[in-house]
Amino acid sequence: MHTAQIGKNLYLIDLETGGYKNFIGSYVIKTVKKTILIESGPTSSIPNLLSGLAELKIQPKDVDIVAITHIHLDHGGGAGTLLKHLPNAQILVHPRGVPHIVDPEKLWLSSKSVLGFVSDIFGKPEPIPQERITAITEGVIDLGDEGVLTVFETLGHASHNLSFHESFNNGVFPGDAAGTYFPEFNTVSPTTPQPFYLEASLLSLDKLVSYCPSFMYYSHFGKANDAIRRLRGYKAQLLMWNNIIQDAVKQNQSFEKITQRVLTEDPLMSKLSTFLLGHTVYAKTAIENSLYGFTEYVKKAQSK
């Protein structure tokens with residue numbers, strides 16, 4: 001079993017990408033009127049996603065929408081492959097992501113450059129026909145059963161990040177706008193790959209707080225309660241990273257020194273560091289790529 005009901009009309013499928021549990025999840029909102037997936041996950045995990053739907057007794061023909069928080073390979077890379085199995089589904093995505101999922105070759109080459117071997121774990125994205133794409137930055141979807149899914153922009157981590165609020169349980173799906181959650185540690189780490197924009201990220205966190213959510217549904221990974229405290233804590237953590245990295249850049253410290261400083265001076269990262277450094281994927285994404293992205297942001301900000 002790699003599915004679980006986590007709320008009213010709400011289910012989580014652990015995609016077990018690359019054999020890793022608690023790494024990437026897809027969420028299912030199911031009512032009599034609508035069946036919506038939040039995140040396709042990467043191409044390599046589509047068989048696991050389909051088996052999860054079968055486990056939940058959901059017929060592929062009954063899926064109406066696949067809502068993608070953003071088009072990075074681990075969140076939406078598998079959407080093109082998935083749609084071959086979902087004859088009636090539309091992809092919901094930010095307009096800036098549309099060209100890159102209609103023709104994903106540039107996305108794939110860019111991902112390989114940034115992610116290296118991790119891109120092969122995720123798999124190459126397949127193109128999506130234009131007519132099966134709905135571009136959106138904000139709106140409300142009627143779920144039936146007196147429930148709605150609200151769509152809104154949360155930029156910063158990416159220029160095409162959407163978040164979703166579901167009214168049944170008062171929870172939000174932030175994509176990567178609120179970091180990566182590690183349920184084993186009940187701790188979050190920043191997701192700030194290049195190009196990262198701190199100001200936009202902080203505004204997005206304020207927007208998420210404005211919905212007064214009770215729960216967070218992290219794509220990486222799982223449901224967490226006390227959502228407002230977590231969002232405010234993440235904002236404080238980003239500001240801490242900014243202070244640490246600004247000081248390091250002013251002192252012309254090496255990237256290795258910046259990494260060491262963040263992993264020791266941020267108490268949450270200190271708590272996670274042994275696990276992250278020992279994880280094949282997270283060592284690359286959560287540490288190397290995130291710190292590089294934040295460092296490049298700080299260097300550009302200081303050069304203005």
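Let me start with a term: a residue is buried under 20% relative accessible area, exposed over 50%, and partly exposed in between, using a 1.4 Å probe and protein chains only. Phe23, at 2% relative accessibility, therefore counts as buried.

A word on what we have here, everyone. This is a predicted model, in which local features need pLDDT of at least 70 and side-chain atom pairs count only at pLDDT 80 or more, while totals for chains, interfaces and linings use all residues. Residues are numbered from 1 along each chain as its sequence is written, and side-chain values use heavy atoms, with hydrogens and water left out.

Back to Phe23 and its partner. Rings of Phe, Tyr and Trp (its six-membered ring) pair if their centres lie within 6.5 Å; planes under 30 degrees apart are stacked, over 60 edge-to-face, and the rest tilted. That rule gives 17 aromatic pairs. In one of them, the ring centres of Tyr20 and Phe23 are 5.8 Å apart with planes at 75 degrees, so this pair is edge-to-face. Tyr20 is partly exposed, at 23% relative accessible area. Both rings belong to one aromatic cluster, together with Phe122, Phe182, Phe185, Phe275 and Tyr282.

Now please look at Trp241 and Phe294. How is this aromatic pair arranged? It is tilted, at 5.9 Å centre to centre and 50 degrees between the planes. Trp241 sits in helix α8 and Phe294 in helix α11, 53 residues apart, so to speak a link between distant parts of the chain. Helices here are DSSP runs of H or I, at least four residues, and strands are runs of E, at least two, numbered from the N terminus. Trp241 is buried, with a relative accessible area of 0%, and Phe294 is also at 0%.

Phe294 brings us to the core. A nonpolar core is a set of buried Ala, Val, Leu, Ile, Met, Phe, Trp, Tyr and Cys residues joined through side-chain atoms within 4.5 Å. The largest has 72 residues, and Leu37, Val66, Ile91, Ile245 and Phe294 touch the most other members. Helix α8 gives the largest share, nine residues. A second, separate core has 21 residues, including Leu10, Ala67, Ile141 and Leu162.

Helix α9 (residues 255-265) has Ile258, Thr259, Arg261, Val262 and Leu263 buried. Their cover includes α8 (227-250), α10 (267-277) and α11 (282-303), with contact meaning heavy atoms within 4.5 Å.

Finally, the pockets. On a 1 Å grid over the protein atoms alone, a pocket is an open set of points where a 1.4 Å probe fits, with protein on both sides within 12 Å along at least five of seven lines; lining residues have an atom within 4 Å of a point. Volume is the space filled by probe spheres set on the points, which are joined across faces, edges and corners.

The largest pocket holds about 730 Å³. Of its 31 lining residues, His72, Val114, His157, Pro193 and Gln194 lie nearest the centre. Which helix supplies the largest share of this lining? That is α5, with six residues.

The second largest pocket has a volume of about 180 Å³. Its lining includes Asn186, Arg229, Tyr234 and Leu268.
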